[in-house]
Amino acid sequence: MRSFQTSLSMVLLSVAISCSEPAREGNTASSNQSQAPITSPQIYHTQGMVKSIPPNKKLIIVDHHEIPGFMRAMTMPFSLPDSNMVEGIKPSDSISMTIQYDGESILLKEITLIKSN
Ligand SMILES: [Cu+2]
């Protein structure tokens, strides 16, 4: 009896979940309205170690920690919107970063020096 109740509540739960899915079809009359983006920009914070900064300062290559829900730990380049962001920062320094992701591209918002090495 217990297991019957459990499976019944599982069924009810899954029905409730599928019913809460927003209906996206139809509604063609209002399709001229600008559509909301699928994801609003997300802000992430992580730390890492600077691997290199090319002389033109358009990039910074960072060995960053895991960013939960976004990226595993890895070494990767980040575009620098402003070369002044790496003022006083050099390879092997430890930094923290604020990253904005809009579902398509990554924007480096801030770099903070944690420890100069
Ligand atoms: Cu990454």
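Donors here are N, O and S atoms within 2.8 Å of the metal (3.2 Å for Na, K and Ca), and since water is not among the atoms, sites may look incomplete. The model is predicted: local features need pLDDT of at least 70, side-chain atom pairs count only at pLDDT 80 or more, and totals for chains, interfaces and linings use all residues. Numbering starts from 1 along each chain as its sequence is written, and side-chain values use heavy atoms, with hydrogens and water left out.

Start at the copper ion. Select His64, Met71, Met74 and Met76: NE2 of the histidine and SD of each methionine lie 2.0 to 2.7 Å from the copper ion. Along the chain the donors follow the spacing H-x6-M-x2-M-x1-M. The angles among the four donor atoms are 100 to 117°, and the site is tetrahedral (four donors with all angles between 85 and 135 degrees). Met71 and Met76 are both buried (under 20% relative accessible area, 1.4 Å probe, protein chains only).

Next, select strand S4, residues 94-101 (strands are DSSP runs of E, at least two residues, numbered from the N terminus). S4 pairs antiparallel with S1, residues 42-52, over eight bridges (pairing needs at least two DSSP bridges). Ser94 in S4 stands opposite Met49. Eight bridges also join S4 to the antiparallel S5, residues 106-115, where Ile111 is the bridge partner of Met97.

Finish in the hairpin of S4 and S5, which has four residues between the strands. Gly103 in the turn has a positive phi of about 95°. Asp102 sits in this loop, and its side chain reaches the backbone nitrogen of Ser105 at 2.8 Å.

Definitions and conventions: Tetrahedral: all angles 85-135°; square planar, octahedral: opposite > 155°, others 65-115°. Buried < 20%, exposed > 50% of the residue type's maximum accessible area, 1.4 Å probe, protein only. Polar contact = N/O pair within 3.5 Å; in protein donor to acceptor, adjacent residues only side chain to side chain.
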